[in-house]
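Here are my notes on this model, as numbered points. Please read them beside the coordinates.

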Amino acid sequence: MKKKKTENKKQYWKLAIVGSLFLCLLIIIGFIFLRDQNITLIAIAIIVLALAGVFVAKRLKSIKDVKKGLTLEDERSRKVLLLTGAKAFQISIWYILILMWLSSVLEIVALEVEMALGLSIVGMAVIFGITWLWANKQEDLDKTVRF
Amino acid sequence: MKTRIKEFRARHNLTQEDLAKKVGVRRETIVFLEKGKYNPSLQLAHEVAKALKTTIEELFIFN
């Protein structure tokens with residue numbers, strides 16, 4: 001019981017640190033996007049914020065459960081995270097490849113290095129968030145991820 | 001897969017939260033287990049069966 005409480009406390013702190021860093025990142029991105037007055041980038045920032053909102057709401061619910069004496073992590077949540085990581089990694093590779101292809105081959109999107117990096121990082125975060133929501137609804141969490 | 005967790009839980013007057021506390025999992029996991037939408041490990045199945053004072057065979061019905 002004591003071990004479970006310590007683990008929950010660790011999870012609580014991890015969540016607080018990651019949440020704070022993510023919030024700082026969003027504020028910086030939002031500030032840059034608003035400064036540049038680019039409508040596409042502002043739209044991306046809004047989507048990211050909406051996803052972050054869903055994530056935070058879900059996490060707050062989990063914290064309430066922890067206060068009631070329930071655990072924050074169990075075998076199902078670990079499986080969901082594992083599937084999310086694998087699937088998000090797979091989708092992210094395709095996303096970055098398509099971004100590169102659009103940028104260099106077709107020259108549809110002209111990207112500077114900073115912008116390309118920013119779009120890749122934000123895109124990967126968005127992909128992870130969407131994939132987590134998808135994985136959380138899956139019945140078969142033991143499925144394999146194929147490329 | 002079908003489960004009789006809800007039925008056994010009602011017999012013991014336990015809420016999903018109570019069962020989750022007893023077994024040491026999240027409430028969400030109990031919800032998915034009751035709907036038959038999560039295939040638990042043998043250890044979890046054993047713990048749920050133990051908490052509901054029954055056997056795995058009684059609790060989980062595999063098609």
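1. Start with the largest pocket. Helix α1(A) gives the most to its lining, with 14 residues. Keep in mind throughout that this is a predicted model.

2. How much space lies in the largest pocket? About 1200 Å³. The lining counts 45 residues, and those closest to the pocket centre are A:Leu15, A:Val18, A:Gly19, A:Phe55 and A:Arg59.

3. Which elements supply the lining? On chain A they are α1 (2-36), α2 (39-67), α3 (75-105) and α4 (113-136), and on chain B α3 (27-34); each supplies at least two residues. The pocket lining therefore draws on helices of both chains, with elements taken as DSSP runs.

4. By class, the lining of the largest pocket holds 29 nonpolar residues. Polar residues number eight, and charged residues also number eight.

5. Next, chain A as a whole. Chain A has four helices and zero strands. Read from the N terminus, its elements run α-α-α-α. Of its 147 residues, 29% count as buried.

6. Contacts and surface of chain A. Take contacts between residues at least 6 apart in sequence: 78% of them join residues at least 24 apart. The accessible surface of chain A comes to about 10300 Å². Carbon and sulfur atoms account for 72% of that surface.

7. One residue of α1(A) deserves a look: A:Leu26 sits in this helix. Is A:Leu26 buried or exposed? A:Leu26 has a relative accessible area of 11%, so it is buried, the cut-off being under 20%. Leaving aside residues up to four places away in sequence, A:Leu26 touches A:Val48, A:Leu49 and A:Ala52. A:Ile46 lies 20 residues from A:Leu26 along the chain, and their C-alpha atoms are separated by 9.9 Å.

8. Buried residues in α3(B) are B:Thr29, B:Ile30, B:Phe32, B:Leu33 and B:Glu34. B:Gly36 follows this helix and has a positive phi, near 75 degrees.

9. Helix α2 of chain B covers residues 16-23, and B:Leu19, B:Ala20 and B:Val23 are buried in it. Why do they lie on the same side of α2(B)? They cover an arc of only 100 degrees around the axis, which puts them there. An α-helix has 3.6 residues a turn, so residues three or four places apart point the same way.

10. What covers the buried residues of α2(B)? The cover includes α1 (5-11), α3 and α4 (42-51) of chain B. After α2(B) comes B:Gly24, with a positive phi near 85 degrees.

11. Last, a strand residue. B:Thr3 belongs to β1 (residues 2-3) of chain B. B:Thr3 is buried because its relative accessible area is 17% and the cut-off is under 20%. What does B:Thr3 touch, not counting residues up to four places away in sequence? The contacts are B:Leu33, B:Glu34, B:Leu59 and B:Phe60. Of these, B:Leu33 and B:Glu34 are also among the buried residues of α3(B). B:Arg26 is 23 residues from B:Thr3 in sequence, and the two are 18 Å apart in space, C-alpha to C-alpha.

Conventions: Residues are numbered from 1 along each chain as its sequence is written. Chains are lettered from A and ligands numbered from 1 in the order in which they are written. This is a predicted model: local features need pLDDT of at least 70, side-chain atom pairs count only at pLDDT 80 or more; totals for chains, interfaces and linings use all residues. Side-chain values use heavy atoms; hydrogens and water are left out. On a 1 Å grid over the protein atoms alone, a cavity is a set of points where a 1.4 Å probe fits but cannot get out, and a pocket is an open set with protein on both sides within 12 Å along at least five of seven lines; lining residues have an atom within 4 Å of a point. Grid points are joined across faces, edges and corners, and a volume is the space filled by probe spheres set on the points. Ala, Val, Leu, Ile, Met, Phe, Trp, Tyr, Cys and Pro count as nonpolar, Asp, Glu, Lys and Arg as charged, and the others, Gly among them, as polar. Buried means under 20% relative accessible area, exposed over 50%, partly exposed in between (1.4 Å probe, protein chains only). The arc is that of the directions from the helix axis to the C-beta atoms. Contact means heavy atoms within 4.5 Å. Accessible areas come from the Shrake-Rupley method with a 1.4 Å probe; for residues, only the protein chains shown count as cover.
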